[in-house]
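Here are my notes on the model, point by point. Please read them with the structure open.

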4 protein chains.
Amino acid sequence: MTAAMRFVSLSILAPAILAAADIDGSWHLALIRFNERFSSARVVLKADSNKLTGTLNELKLAGTIEGNHIRLTMTRPNGSELGVLEGDLDGDRIGGTVKQGTEETRFEGRRAPAAPAKPTTHSFAPTAFHRVFSSAIAPALRIHSGDSVRTTSVDAGGTDASGVRRSLGGNPLTGPFFVEGAMPGDTLKVEFHKVRLNRPSAGSGDRIVPNALTPGYHRNAKYDDKFDSSWKLDLSASTARLAKPTERLKNFQVSLQPMVGCVGVAPPGNQSFRSGHLGPWGGNMDYNGLREGVTVYLPVYHEGALLFVGDGHALQGDGELNGDALETSMDLEFTVTLQPGASTQAPRMENAEYLMASGIANSLPEALQQATSELARWIERDYRLSPNESGIVLGTSIRYDIAEIVPQVQIVAKVRKDVLATIGK
Amino acid sequence: MTAAMRFVSLSILAPAILAAADIDGSWHLALIRFNERFSSARVVLKADSNKLTGTLNELKLAGTIEGNHIRLTMTRPNGSELGVLEGDLDGDRIGGTVKQGTEETRFEGRRAPAAPAKPTTHSFAPTAFHRVFSSAIAPALRIHSGDSVRTTSVDAGGTDASGVRRSLGGNPLTGPFFVEGAMPGDTLKVEFHKVRLNRPSAGSGDRIVPNALTPGYHRNAKYDDKFDSSWKLDLSASTARLAKPTERLKNFQVSLQPMVGCVGVAPPGNQSFRSGHLGPWGGNMDYNGLREGVTVYLPVYHEGALLFVGDGHALQGDGELNGDALETSMDLEFTVTLQPGASTQAPRMENAEYLMASGIANSLPEALQQATSELARWIERDYRLSPNESGIVLGTSIRYDIAEIVPQVQIVAKVRKDVLATIGK
Amino acid sequence: MTAAMRFVSLSILAPAILAAADIDGSWHLALIRFNERFSSARVVLKADSNKLTGTLNELKLAGTIEGNHIRLTMTRPNGSELGVLEGDLDGDRIGGTVKQGTEETRFEGRRAPAAPAKPTTHSFAPTAFHRVFSSAIAPALRIHSGDSVRTTSVDAGGTDASGVRRSLGGNPLTGPFFVEGAMPGDTLKVEFHKVRLNRPSAGSGDRIVPNALTPGYHRNAKYDDKFDSSWKLDLSASTARLAKPTERLKNFQVSLQPMVGCVGVAPPGNQSFRSGHLGPWGGNMDYNGLREGVTVYLPVYHEGALLFVGDGHALQGDGELNGDALETSMDLEFTVTLQPGASTQAPRMENAEYLMASGIANSLPEALQQATSELARWIERDYRLSPNESGIVLGTSIRYDIAEIVPQVQIVAKVRKDVLATIGK
Amino acid sequence: MTAAMRFVSLSILAPAILAAADIDGSWHLALIRFNERFSSARVVLKADSNKLTGTLNELKLAGTIEGNHIRLTMTRPNGSELGVLEGDLDGDRIGGTVKQGTEETRFEGRRAPAAPAKPTTHSFAPTAFHRVFSSAIAPALRIHSGDSVRTTSVDAGGTDASGVRRSLGGNPLTGPFFVEGAMPGDTLKVEFHKVRLNRPSAGSGDRIVPNALTPGYHRNAKYDDKFDSSWKLDLSASTARLAKPTERLKNFQVSLQPMVGCVGVAPPGNQSFRSGHLGPWGGNMDYNGLREGVTVYLPVYHEGALLFVGDGHALQGDGELNGDALETSMDLEFTVTLQPGASTQAPRMENAEYLMASGIANSLPEALQQATSELARWIERDYRLSPNESGIVLGTSIRYDIAEIVPQVQIVAKVRKDVLATIGK
């Protein structure tokens, strides 16, 4: 018996008189073809007697409800008809079929979860760590929009604040956090209130990654394979020194600027990317500007979004030039808010001073194009500017940061908020 | 009569007894083959009786002087013999032949000019402007190492501080300044003491250059061809506004940060590059960090170096995103010092806060490689670091600026001097 | 009870006297840490009385067997000691621990499967299709080295030879085929004997992908969204025409050159990549030279390799310029042979005329570097050439094909076998 | 006395009655501002009594002739008025002023040269060679459209067919050939009838250029600095072998495929580029498909075009992987035809089999975009195709050659003529 048949048989028994009142509101559908749950959609419905109207993502719906049976015509934003959605209600569940021409897609769904009256702050102590960004990983914690999470991350090699190895290496991630109500096409807003160091040690590479150097440099450089690049962190002074420095670096000291290396959601479809990857879903962004006080906006591709965090850096130069940074464990606190339907093409960020658009791509030229275009679209939309006007604003005021160069590239394009403030929204 | 014959005949008349004393010091040779003066070289000689020793660029010379005739064996830095230099003196002139195997190169030269006792500050009012960087352009002013120049530049379109059009457009350049004693392989140090605006107007583009945008942005952007992007500069408040703003930009205001767009020497050989070009010789660098207080180091390719300056910008975002900036005329003052034999592969810069290495190349990835490698080599040399040690310093502390993206690319790699100060030289 | 405990307890019951004889041969181990089976290894052992020697991948093993208990010291190729492997036999199973310093890795394994006396040709009719390359997918068929497979593939949209939609779109793949005995570090050799069209229709895109065009082309091109780019294939004449051509293309005809778009193994670790992806593991290579008669060499990352094929093209220009090609279903036949320990860094290919090395990377410059370097290394190894000698051979004789430009890039570097034949192996 | 004054004074003496008849036809103007002859233009005039009409490049002209004085309003292709051209005739000379708003441009010109009745074949033995592409070099030979030239080129190091060194190295060029009547905006068609070897020796590099190799290859490759890569050419057998081969390459033999490395015109403005450079003006294209039988189309930027040829290669792999090829001297024969007003953006080529569009740019991605876009535009124009239609043709049938990768990049996009023939013009 297929799910569709079950719904049909159950609906015979349901009292039709209650349906109209019950159907109003938001529903989450899973879309199914060839036995694959390939996508999800948010449906919002409103009944007026047996007339039914609503939306399915960006589509408009209009039709009827007869008992528990609904039948809705789907219309594109441009007004053209797309097909018909037909289904049956069973309390908080719904099931049926979408027909477009000769193609049929099954759906199964349930009423969207109600948000609690007030947000919660969750203290989450991770017990397992994940080395891929993937929707295949079961949620570690379910939270609601507006909730905050206090948690910790292990370092890139899997060692925690106490020096205990907790995972294989390669940026083991804390999470994933399932955000109730998040659906594909939404945006997740993650405000980092605390990005704090929690131990006096870090490790780093000691060579510049090959693709940041010329062939000539490669041919001449003589490396010492036994160089010790472990670091001592002085958390009170906020400085770092090599734990066992060479003679020339015995006084070398740098100031700490703690940052989060990995922030990302489950990538689209059934893809799994190593936690060293980055993409439009975020991931191993390794941006040294992603510090305490920064808000990150991420696109949602799966129900619940599935947010992962990890890979704390005590300090990192631009481009993550050693392939890593001062890798260490972290205490993190962040608030997650859902922005329904406010899709972003790629990670965006914001702090007190700047709007920042990430361009994440395969190469520096493409990353620069994406970052610039995304920042231009952002201010065109929020400040109602034409392309000439955004050209004037960014031509005078854009700043680029080269955030990451391996294995994908991230360039951040940013513009000062005080410059934008002279325009007014 | 060839030059060589002239030297030979004249030398017969010269009193041999004076030669030994006269030859000591520095000589500048032009090297000639197939009627082409293809390079220059600095020769330093010292006579001890009829024994003669010295250098020709990086080569060692050893031989004899007999009357006015000199004969010197040339030895490479690795000790291998390269060939023989033979010539004749005629007062402050010298001529002869270099033989390497079967190849013969003629040379003609003269005693290097003596530096004056104290530096001069030249006030130079340009009367002609040049739209190429080229060794084919006659010097506008001859200066000595240590001298300063006070001058002005017209804007990128050729208009001066009074609003008078003085040249065709395309970054017309002031200069070239011939630096007495500068020879290929030297480095020119140019300290910008004044980079000052001198008129209340500027012009700019109003579109982002195509290669900074995605195809998707291109396909959707509707541009207004009549957008007016002339600017009013308020020099006392150090701000700019559009002269005829659109409704949305009527209050848009930016703070000025005057910078020099073009600083460069004559490029190698008989090449001429438009003043919109950039390369290892500098040129249209368009780096918004090249402001008052910055020192620029440039490689020398020709006798006299031939320094050009121009293309003032009242303000520019990163990457010169409009293909131009707030283009305006400028008052400039700079001191030029020669660093003999201290070759740099590409422009380097320095200000109170940073060491900065330019990577100028055909693409962003290559520019990043060059900038990183050059900065690494710089600190390895000046701070006596190994590649692992420079990796540690730059991995934690490098910053990149994307200076220019069209028509060539410039990325500036920089590191704070206070970080380097913890190492000590 | 952990697996290790089980082995220990069972081994108590096993007759120790048989162990020495039994242990000789090849074993496959799964390596486990933090509950993750993160890798596999091939162990080859030989007992001489209670002395035991062997290899673990590239490591040398030497130690003892006492009853069912083995203890082996692991030595690197350079002779340095790496750690100790200790375990217990239980018939065809083995379990135990590898200790390196303070780190401990669990292993569980079994005796490597014996190859059958003669190869089999399997006729495999796929019932499910997969839209990711992933080790998470259960084998569809288990084969041995030397076996051949006759099978079919659906088109990129999921439609088969009969015109029946069998899967969601996006290059649904046939397989995966589990190759008995294949272990990480091996190379899989796949000889395509048949790459045949099996239906008279195909579909394609009708626009050049954005990243193959200049911004200027984008701004001017007016596309017709209703262009019909379905194709009629004439299999006997081996030609194609548009099914519903425009007036200008009503006689436009092309000759068919059937090729396989997707050939790949499960990528490393627990990554899953869409079947539109390509990488060192092969994947959506979309190389129009991958036709009948070509042999593909792929690296193995997982036990069994897990080979996927699909995405047949009736014809494709270089670079898969429409983002797709003449997409159609296919009849395929290929022989799979295992080359133990003969690791390749990326796909290599061979046909009657050429050796071909794939460079698969994020950008054209990197793909060219990888393809060139891999071809150079290949001929240096197989023809015992120095870098100068490979430089001479490739400088005169290399040819590049731009195979694919989206979403990753593949450049194929190739050299004629008749040129190499003048050298001799 | 300025040139303008001279014209005015002379015109007083000229019999006005003859002017109407005399002015008809084509005139070549030099345009002058700020003492710089910055461009040239072709003016075509036709008088009807004292009414005068015509064109200036793409502009329309309409006005009057009074005696020797002409006054013409200039109109853009879109119908908007651009300004006024006013001048005076003096026999075959003309002079005057173009006024656009407040801007004034001087012009001086002369009647375009008449083409001879039949073409000439010039035998040109070069006595000087040039190491830059530049309009600053005086013409070596003046030819007319339709004429052919038989000449020779020295090898990249300057050595001729007899083994005599004739020039410094770096691709010394034969020419420039001044093509009478060629004006900016025209296209030069150069048909290579003979590309023949003329001596039994060649030289090449023996290493792959750094930017074609991965960092890993660089770090491991041990080069022999004393490798001898001189070649013996067997012109009758059309093969080459190393002159002093290593043991492994003692039988290595390759087949010759003579090609022309340098074909180019003087680049725009007063730029001079080394003869190792390439650009839209052609130059050091180093395309191994540029063989006997190929026709090259080049844009014209200067009066007379100034065509240069040189840098013969006996054989070269794709990408000129050694930075050079089998460098040798050549016998060349080619016919030059002028295509007035048929501007091409970059070099195009044609042989019996293919149409070929060059993309010459700073990087492989940009070169691919330019080559693809240029080929698409070419077939769209010549075969009257829409972008969807050119997408269909190129998606199935495009082939790319990677011609050159240093110092700029050339990719050639090509399509078979027999495929295009099924469309019909």
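1. A:Leu306 sits in the loop between strand E23 (295-299) and strand E24 (307-313) of chain A. Its phi is positive, about 60°, although A:Leu306 is not a glycine. Most residues other than glycine have a negative phi. A:Leu306 has a relative accessible area of 5%. That is under 20%, so A:Leu306 counts as buried. Bear in mind that this is a predicted model.

2. C:Ser238 also calls for a look at its backbone. Phi of C:Ser238 is near 60°, a positive value in a residue other than glycine. C:Ser238 lies in the loop between strand E16 (230-234) and strand E17 (239-242) of chain C. Is C:Ser238 buried or partly exposed? C:Ser238 is partly exposed, with a relative accessible area of 29%.

3. Next, the cis peptide bonds. Most peptide bonds are trans. In chain B, the bond joining B:Gly175 and B:Pro176 is cis, with omega about 0°. B:Pro176 belongs to strand E13 (residues 173-179) of chain B. In chain D, the bond from D:Gly175 to D:Pro176 is cis, with omega near 0°. D:Pro176 is in strand E13 of chain D, which covers residues 173-180.

4. Now the contact between chains B and A. On the chain B side 71 residues take part, in contact with 72 residues of chain A. Together the two chains bury about 5700 Å², and 61% of this is on carbon and sulfur atoms. Within chain B, the most area is lost to chain A by B:Arg248, B:Asn388 and B:Ile392, together 14% of what that side buries.

5. What polar links join these two chains? There are 31 residue pairs in polar contact between chain B and chain A, both residues at pLDDT 80 or more. Salt bridges between chain B and chain A number two. In a salt bridge of B:Asp318 with A:Arg399, the closest N and O atoms are 3.8 Å apart.

6. Which elements of chain B touch chain A? Helix H3 (215-220), helix H4 (364-382), helix H5 (387-397) and strand E29 (399-404) each supply at least two residues. H5(B) gives the most, with eleven residues. By class, this side of chain B has 32 nonpolar, 26 polar and 13 charged residues.

Terms used: Residues are numbered from 1 along each chain as its sequence is written. Chains are lettered from A and ligands numbered from 1 in the order in which they are written. This is a predicted model: local features need pLDDT of at least 70, side-chain atom pairs count only at pLDDT 80 or more; totals for chains, interfaces and linings use all residues. Side-chain values use heavy atoms; hydrogens and water are left out. Contact means heavy atoms within 4.5 Å. Buried area is the accessible area (1.4 Å probe) that two parts lose on being put together, summed over both. A salt bridge is a side-chain nitrogen of Lys or Arg within 4 Å of a carboxyl oxygen of Asp or Glu. A polar contact is a pair of N or O atoms within 3.5 Å; within protein, one must be able to donate a hydrogen and the other to accept it, and residues adjacent in sequence count only if both atoms are side-chain atoms. Helices (H or I, at least four residues) and strands (E, at least two) are DSSP runs, numbered from the N terminus. Ala, Val, Leu, Ile, Met, Phe, Trp, Tyr, Cys and Pro count as nonpolar, Asp, Glu, Lys and Arg as charged, and the others, Gly among them, as polar. Buried means under 20% relative accessible area, exposed over 50%, partly exposed in between (1.4 Å probe, protein chains only).
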